[in-house]
Amino acid sequence: MNKTLFVVILFILAVVLSLLVGPAQLNNQILQLRISRAVLGIFAGGILAFCGGILQGLFGNPLVEPYTLGAASGAALGGSIGVLVFGTVSPFLAFLGASGVGFFVYTIARLEGGLFRDRLILAGVVMSFLCSSLVMIIMVMGGKELYEILYLLMGYLGIIINTTNRILIIFLIIISLATVIFLYRFHRELDIISQGMETAAGLGIDIQKFSLIIFFATSLIIGFTVSIVGAIGFVGLIIPHIARLLFGPKHLYNLPASFILGGTFLLLADTLSRIITVYELPVGVVTSLIGVPFFIYLYKK
Amino acid sequence: MRCIRAIILFLITINLFNCSKKNNTKSLRIVSLSPAMTEIIFALGGEHYLVGTTTFCTYPEAAKKTYKVGDFSHPSLERILAQKPSLVVVNPPEQNHIIRELKKLKIPLFISQPRCIEDIYKEISEIGHIIKKEDQADSLVNFMKNNLKPIKKDKIKTVYVELSSRPLITVGQKSFLNELISLTGGKNIFTDIKKAYPIVTQEEIIRRNPDIVILLHPGNIKDRLGWQKLEAVKRKQVYKNLNPDILLRPGPRLVQGYNKLKKILSE
């Protein structure tokens, strides 16, 4: 239980740091701004890592990340179209893009028989490629829009907290808490499936139905998260590995750990991105820059 | 560096002068990949020499009807060549790739890279010479010089300009707007950043607490968390929806931008 304490202390440390450290003098207004940003960071990081953990468990594949099933590239496409049409990234269009791609992935995966679970990955990867090339076309056509799309692709927590974004963040918290609690109830099934499909089928788990539920639930919250903060990389891929390294293969323990560690990690990365330069770095750049050496160190241990 | 650039520019221009002396202006066919230069050529009355522009060249109205060779950063080499230009006006560094190709094909280039308002005057005179509109060029330069005089203010107001809200893009030292703001007696809060269009953090803007906020996009800052205690918001000095072209484009319309800024800074 030492590890639990360590994770909790790390989390509190990250929160305190993100509230206290920054270029501006701490006053009431700045504190409000930092609290909103910290909440966004905790939930975005938490959701990405949690979904990453679930999907890696379901597919039994350590390279699966929240974006493999196409939600991120769909959101990026929707957001980019928003940049072209309205001149700014629209979270609504981004979410529409994510849902649209989710629907296509589902339809492609259902086209023929066979195991739905395995066809999902292929459909997701194919749709991601399609969306990426469409986004590239928009980027090539754009001028200053390029930056907006780039920050959507790299992830950006420094969004302005205006009325629209405030409502979106509250929605994000409600939807993600509900979905996370709903998905967490399947931890035992996930344990069994990651041990092997035959075992799972033998124990009477309906893998088709189970994959379908997980696909829809994760696509929903990932699409929503990406629409707000962009496709922050690394967190959803590597944090579940770190959680498994620390807490073992049981999803009962490693899923909550993924959530907390994901939030912690994104907060730390965001605090860094805020203080290194007067420029705002996309937080996705920082997550990979500090995450990779940390992961190698941990893996060696 | 600046000196070397000036020399290179000078050599290129001399080269161009020679070209234009050899060919008379009747055979002059200009493709302008620079929206500002397109405006200047129109202002000098040389638009009949223009055989191609970019989709960004939207001013004056007639410029929209010229043959388009692509957008600002991705003009099509084939479309340029199809117009058989005797001179291509280019804007480094965004167009470096196309400049390389055009150089290989030995097509004469006019490299437009103004760093300050003084450079714009020089370029106007140069292009005026090429299209044999020296008198018009002189009067345009004089008009701009007379209308872009530095204003001294007792109290210098600080200005924050926002080009985009996600991410927050502003103007730095290397933009014309920075120079225009100091010319009209104000101070850009990010004048210490050496880039032209840096991406900055919200906290940094709040810390620097500008007296005036200028938004060059349709958004507003009324409901932004953390922004309500800014001097600019308290004193209602937030200006929305200005036309970015009159403030950012190094052409004749900077005079309009200057007047707009002058009005804003004296309110």
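A crossing is left-handed if the near helix is turned anticlockwise from the far one by less than a right angle, and right-handed if clockwise. This is a predicted model: local features need pLDDT of at least 70, side-chain atom pairs count only at pLDDT 80 or more, and totals for chains, interfaces and linings use all residues. Residues are numbered from 1 along each chain as its sequence is written, while chains are lettered from A and ligands numbered from 1 in the order in which they are written.

**View 1. Helices H3 and H6 of chain A cross with a right hand.**
H3(A) covers residues 71–86 and H6(A) covers residues 145–154. Helices (H or I, at least four residues) and strands (E, at least two) are DSSP runs, numbered from the N terminus. The axes of H3(A) and H6(A) come within 10 Å and cross at roughly 160°. This makes the two helices, H3(A) and H6(A), roughly antiparallel. Axes are lines fitted to C-alpha atoms, for helices over the stretch in contact, and angles run from 0 to 180 degrees between N-to-C directions. Angles under 35 degrees count as roughly parallel, over 145 as roughly antiparallel, 65 to 115 as roughly perpendicular and the rest as oblique. The crossing of H3(A) and H6(A) is right-handed. H3(A) brings A:Ala76, A:Gly79, A:Ser80, A:Val83 and A:Leu84 to the contact. H6(A) answers with A:Glu145, A:Glu148, A:Ile149, A:Leu152 and A:Leu153. Residues are in contact if their C-beta atoms, placed from the backbone, lie within 7 Å. By class, the contact of H3(A) with H6(A) holds six nonpolar, two polar and two charged residues. Here Ala, Val, Leu, Ile, Met, Phe, Trp, Tyr, Cys and Pro count as nonpolar, Asp, Glu, Lys and Arg as charged, and the others, Gly among them, as polar.

**View 2. Helix H1 of chain A packs on helix H2 of chain A.**
H1(A) spans residues 2–20, and H2(A) spans residues 28–59. Their axes lie 9 Å apart, at an angle of about 145°. H1(A) passes H2(A) in a right-handed crossing. From H1(A), the contact takes A:Val15, A:Ser18 and A:Leu19. From H2(A) come A:Leu31, A:Arg34, A:Ile35, A:Ala38 and A:Gly41. The contact of H1(A) with H2(A) has five nonpolar, two polar and one charged residues.

**View 3. Chain A has 13 helices and zero strands.**
Its radius of gyration is 19 Å, close to the 19 Å that the globule rule gives for 301 residues, so chain A is as compact as a globular protein of that length. The radius is taken over C-alpha atoms, and the rule is 2.2 Å times the number of residues to the power 0.38. Along its principal axes, the C-alpha trace of chain A spans about 60 × 50 × 35 Å.

**View 4. Chain B has eleven helices and ten strands.**
The radius of gyration of chain B is 20 Å, close to the 18 Å that the globule rule gives for 267 residues, so chain B is as compact as a globular protein of that length. Taken along the principal axes, its C-alpha atoms fill a box of roughly 65 × 35 × 35 Å.

**View 5. Domain 1 of chain B touches domain 2 of chain B.**
Domain 1 of chain B is 2–147, and domain 2 of chain B is 157–266. These bounds come from an automatic or database domain assignment. The domain centres, taken over C-alpha atoms, are 29 Å apart. The contact takes 13 residues from domain 1 of chain B and eleven residues from domain 2 of chain B. On the domain 1 side, helices H2 (35–43), H5 (117–130) and H6 (134–147) of chain B each supply at least two residues. H2(B) gives the largest share of that side, five residues. The domain 1 side divides into eleven nonpolar, one polar and one charged residues.

**View 6. Chain B meets chain A.**
In this contact, 30 residues of chain B face 30 residues of chain A. Strand S6 (164–165), strand S7 (168–169) and helix H8 (202–208) of chain B each supply at least two residues of the chain B side. H8(B) gives the most, with five residues. The chain B side has twelve nonpolar, ten polar and eight charged residues.

**View 7. Loops of chain B hold B:Pro60, B:Pro93 and B:Lys106.**
Most residues other than glycine have a negative phi, and most peptide bonds are trans. A cis peptide bond joins B:Tyr59 and B:Pro60, with omega about -10°. B:Pro60 sits in the loop between strand S2 (50–52) and helix H3 (77–82) of chain B. The bond from B:Pro92 to B:Pro93 is also cis, with omega near 0°. B:Pro93 lies in the loop between strand S3 (87–90) and helix H4 (96–104) of chain B. B:Lys106 is not a glycine, yet has a positive phi of about 60°. B:Lys106 is placed in the loop between H4 and strand S4 (109–111) of chain B.

Note on methods. Contact = placed C-beta atoms within 7 Å.
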